[in-house]
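Please look through the model shown below before reading on.

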Amino acid sequence: MFNQLKMINQVRKAQKELAKEIVEVEAGDGAVLVRITAELKVKEIKIDPEKVDMDDIRELERWIESAVNDGFAKAQQIAAEKMQPLLGQMGLGGGE
């Protein structure tokens, strides 16, 4: 029982750490900046209007899609690295 409580506390601590871990991704040579937590929550999207051609909104949409997708991929990688040891201890994954 104690081990289960200890493991639950470790998982909660890891989740809090993931919320603080921020991935920053740019697209369109800095036209779009996306910040995503390792919990896979978008924290911020910034668009530099000087680098955006308003006559080509589709290009801006592609940059946003690209930045968000890249950010999620990087955030997932960070989350997996942080959670893998805990999952291994629980017998649920390839821990060490």
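The numbered points below go from the whole chain to single residues.

1. Basis. This is a predicted model, in which local features need pLDDT of at least 70 and side-chain atom pairs count only at pLDDT 80 or more, while totals for chains, interfaces and linings use all residues. Residues are numbered from 1 along each chain as its sequence is written, and side-chain values use heavy atoms, with hydrogens and water left out.

2. Overall content. The protein chain has two helices and three strands, and from the N terminus on its elements run α-β-β-β-α. Helices (H or I, at least four residues) and strands (E, at least two) are DSSP runs, numbered from the N terminus. Of the 96 residues in the protein chain, 26% are buried. Buried here means under 20% relative accessible area, exposed means over 50%, and partly exposed is in between (1.4 Å probe, protein chains only).

3. Surface and contacts. Accessible areas come from the Shrake-Rupley method with a 1.4 Å probe; for residues, only the protein chains shown count as cover. Among contacts in the protein chain with a separation of 6 or more, 47% are between residues 24 or more positions apart. A contact is a pair of heavy atoms within 4.5 Å.

4. The sheet. The three strands make an open sheet in the order β1-β2-β3, with antiparallel pairing. β1 and β3 are the edge strands, each pairing on one side only. From one strand to the next the twist averages 15 degrees. For such angles, axes are lines fitted to C-alpha atoms (for helices over the stretch in contact), and values run from 0 to 180 degrees between N-to-C directions.

5. Strand pairs. Two strands pair if DSSP finds at least two bridges between them. β1 and β2 run antiparallel and are joined by six bridges; within this pair, A27 has V32 in β2 as its bridge partner. Strand β2 (residues 32-37) pairs with β3 over five bridges, also in the antiparallel sense, and here L33 has K46 in β3 as its bridge partner.

6. Turn and loop. Four residues lie between β2 and β3, which form a hairpin, and L40 in the turn has a positive phi of about 70 degrees. G28 is partly exposed because its relative accessibility is 21%. The C-alpha atoms of G28 and K51 are 8.0 Å apart, although the two are 23 residues apart along the chain.

7. Which residues does T37 contact, leaving aside its neighbours within four places in sequence? They are L18, A19, E21, I22, K43 and A75. T37 is found in strand β2, and it counts as buried because its relative accessibility is 2%.

8. Nonpolar patch. V42, I45 and I47 form a nonpolar patch on the surface, with about 230 Å² of accessible area together. Patches are made of residues with over 30% relative accessible area and no salt bridge; like charges are joined within 9 Å, and nonpolar side chains (Val, Leu, Ile, Met, Phe, Trp, Tyr) within 5 Å. I47 is in strand β3 (residues 42-47) and is partly exposed, at a relative accessible area of 39%.

9. The structure holds six salt bridges, each being a side-chain nitrogen of Lys or Arg within 4 Å of a carboxyl oxygen of Asp or Glu. R58 forms one with E61, with the closest N and O atoms 3.3 Å apart. Both residues lie in helix α2 (residues 57-89), three residues apart, about one turn of the helix. R58 also forms a salt bridge with E65, where the closest N and O atoms are 3.5 Å apart. All of these are partly exposed: R58 at 40%, E61 at 36% and E65 at 42%.

10. Salt bridges that share partners join E24, R35, E44 and K46 into one network. Within it, the side chains of E44 and K46 meet at 3.5 Å, N to O. E44 is partly exposed, with a relative accessible area of 25%, and K46 is partly exposed at 44% relative accessibility.
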